[in-house]
Amino acid sequence: MSIRTRLTLWYTFLLGTTLLLFSLALYSVLRYSLHAQIDRTLSAQAQQVGKVIESQQIYVSQDGTVDLPQFDVLLNVFASPAIYIQVIAADGQVVVTTRNLGKQRFPFDENVLNTTMDGQSIYKTLQVDDTSFRVYSTPIFVHGQVIGVVQVGQAIEVIEDTLGQVFLFLMGGVAFCLIVGALVGIFLARQALRPIEEINNAVTKIVRGQDLKQRLPVSGTNDELTRLTVTINGMLERLDNFFQAQVHLSADISHELRTPLTAIRGNIDLLKRGAIDVPAERAETLTIVDGELNRMSRLIADLLLLSQADAGLSLRMQTVELDTVVLDVYRQARILAKGVNIQLGHEDQAMVQGDADRLTQLLLNLVLNAIKHTPADGFVRISLYRDEKWVRVQVKDNGQGIASSALPYIFERFYRGEDNQQKGMGLGLAIAQWIAKVHRGEITVTSNPDHGSEFTLWLPLSTNIKYA
Ligand code: ADP
């Protein structure tokens, strides 16, 4: 079922329920108050008749019967075209009625007789010749004795007819409102959902045409649909970037693999053809092949790690003594220093939550980069600072530095500086930054061409450890 149909149905259902409840409540209140009004009128009339009989005892003979001729006249004063009165003696006989009753009499049953003789009043709805009457019966007291009953009645046919018409009118009104409401609902739902339909058509066109460079037109209304359009445009942008990155990545990987493969094939061809017969040259050729194979293995291991990173690889986190890791990296760096002076600067004691192997890999990447880009008479200094919340590991060199135009890109995959003579693969810093981020940290860099670079690894300090 489409959203449009569902919206319309819900809207119509709610409107219908509300109108129906309102109409029923209105009808009930009206019915109750009309009936209450009649009851009040009947009771007031009956009280007056009763009072007259009680006060004018002259009309009541010693044995309790009413002096008919004169009372008849008085009783008719209380009657009106709609109000009928009849007086009944204690034995249940009708003593007198108003003239408008003609030959009709209100039926007087046991229940009414018993209740009124007990001194209580009672309302009843009675049928007299197919006409409904509301009748109020109340006892007449003389000297504290019940000597008879006054019954005052009113035909309620007119009220019932009126109520019936009101009911029909209300139900008709509800039905009419529902039809109009449903039509308006369909119209509104169509109007409200039309922009979504348009967005859907536009996105379908973009996806079919496989042109992720296209964007949806953004209207200036700044409503929910504008925001949806902006979000979809952002998503298209990201998808486009992602596909571009994939294309570049495959091109870069093939390029990276082709170079060592060509070198290996060339050297193996030479060996196969027996073109190298001097043992020393043959050993050198094999060393070149071995070097290229190592390079390929490293590249593949790095790519594997990055693809695992993309897939959300989680590390084995535990409390790590970062000062020990730094010391370890310092020792390894001294072995690989190629004449560069490796120094251990300030070293605080610091614990972090992390994966010791990955942190070692990260710091080694930074230190080996520094060694690569620093001349033999230069230095690389590793320092560790513990602040209140953060631990900083600085790797500072006084090598060639990084041009400010290159700084924003050095953490990207396969980015290599233009004057990079060292044949790096451009993955080291991307991996280092990923490791830092997984540790809820970051690597920042400041660099000054010809004066050197300073890479800083920021990691959150383990807070639950007390330091001496
Ligand atoms: P690579 O394999 O090329 O070293 P990285 O991702 O580790 O790849 O580094 C990216 C680029 O950043 C390098 O090619 C180099 O130009 C620059 N770079 C990194 N570290 C330093 C440094 N300490 N001094 C100068 N340039 C650096």
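The model is predicted, so local features need pLDDT of at least 70, side-chain atom pairs count only at pLDDT 80 or more, and totals for chains, interfaces and linings use all residues. Residues are numbered from 1 along each chain as its sequence is written, and side-chain values use heavy atoms, with hydrogens and water left out.

## The whole chain

The chain holds nine helices and 12 strands. Helices (H or I, at least four residues) and strands (E, at least two) are DSSP runs, numbered from the N terminus. The C-alpha trace spans about 160 × 65 × 40 Å along its principal axes. The radius of gyration of the chain is 52 Å, whereas a compact globule of 468 residues would have one near 23 Å. That radius is taken over C-alpha atoms, and the globule rule is 2.2 Å times the number of residues to the power 0.38.

Buried residues account for 37% of the 468 residues. Buried means under 20% relative accessible area, exposed means over 50%, and partly exposed lies in between (1.4 Å probe, protein chains only). Contact means heavy atoms within 4.5 Å. Among contacts between residues at least 6 apart in sequence, 63% join residues at least 24 apart.

## Helix packing

Two packed helices are described by the angle between their axes and the distance between the axes. Axes are lines fitted to C-alpha atoms, for helices over the stretch in contact, and angles run from 0 to 180 degrees between N-to-C directions.

| Pair | Angle | Axis distance |
|---|---|---|
| α5 (224-272) and α6 (279-310) | about 160 degrees | 10 Å |
| α6 and α9 (428-438) | about 35 degrees | 11 Å |
| α8 (356-372) and α9 | roughly 145 degrees | within 9 Å |

Take α5 and α6, which pack at about 160 degrees. That angle makes α5 roughly antiparallel to α6. Angles under 35 degrees count as roughly parallel, over 145 as roughly antiparallel, 65 to 115 as roughly perpendicular and the rest as oblique. The crossing of α5 and α6 is left-handed. A crossing is left-handed if the near helix is turned anticlockwise from the far one by less than a right angle, and right-handed if clockwise. Residues of α5 in this contact include Ile253, Leu257, Pro260 and Ile264; among their counterparts in α6 are Leu286, Val289, Leu293 and Met296. By class, the contact of α5 with α6 has 14 nonpolar, two polar and four charged residues. Ala, Val, Leu, Ile, Met, Phe, Trp, Tyr, Cys and Pro count as nonpolar, Asp, Glu, Lys and Arg as charged, and the others, Gly among them, as polar.

Helix α6 also passes α9 in a left-handed crossing. Here Asp302, Leu305, Leu306 and Ala309 of α6 meet Ala430, Ile431 and Trp434 of α9. Six of these residues are nonpolar, none is polar and one is charged.

Helix α8 crosses α9 in a left-handed way too. On the α8 side the contact includes Leu359, Leu362 and Leu366; on the α9 side it includes Leu429, Ile431 and Ile435. The contact of α8 with α9 has eight nonpolar, four polar and one charged residues.

## Buried spots

Leu359 lies in helix α8. Leu359 is buried, at a relative accessible area of 0%. Beyond its neighbours within four places in sequence, Leu359 touches Val320, Leu322, Val325, Val352, Gly354, Ile435, His439 and Leu459. Leu359 and Tyr84 are 275 residues apart along the chain, and their C-alpha atoms are 106 Å apart.

Ser462 sits in the segment after β12 (452-460). Ser462 is buried at 6% relative accessibility. Its contacts, not counting residues up to four places away in sequence, are Met351, Val352, Gln353 and Tyr467.

Helix α3 (residues 110-117) has Val112, Leu113, Thr115 and Thr116 as its buried residues. Their cover includes β3, β4 and β5 (145-155). Just after α3, Gly119 takes a positive phi of about 95 degrees.

## Exposed loop residues

Asp130 is in the loop between β3 (122-128) and β4 (131-142). Asp130 has a positive phi near 65 degrees, though this residue is not glycine. Asp130 is exposed, with 70% relative accessible area.

Lys338 is in the loop between α7 (322-335) and β7 (341-347). Phi of Lys338 is also positive, near 50 degrees. Lys338 counts as exposed at 68% relative accessibility.
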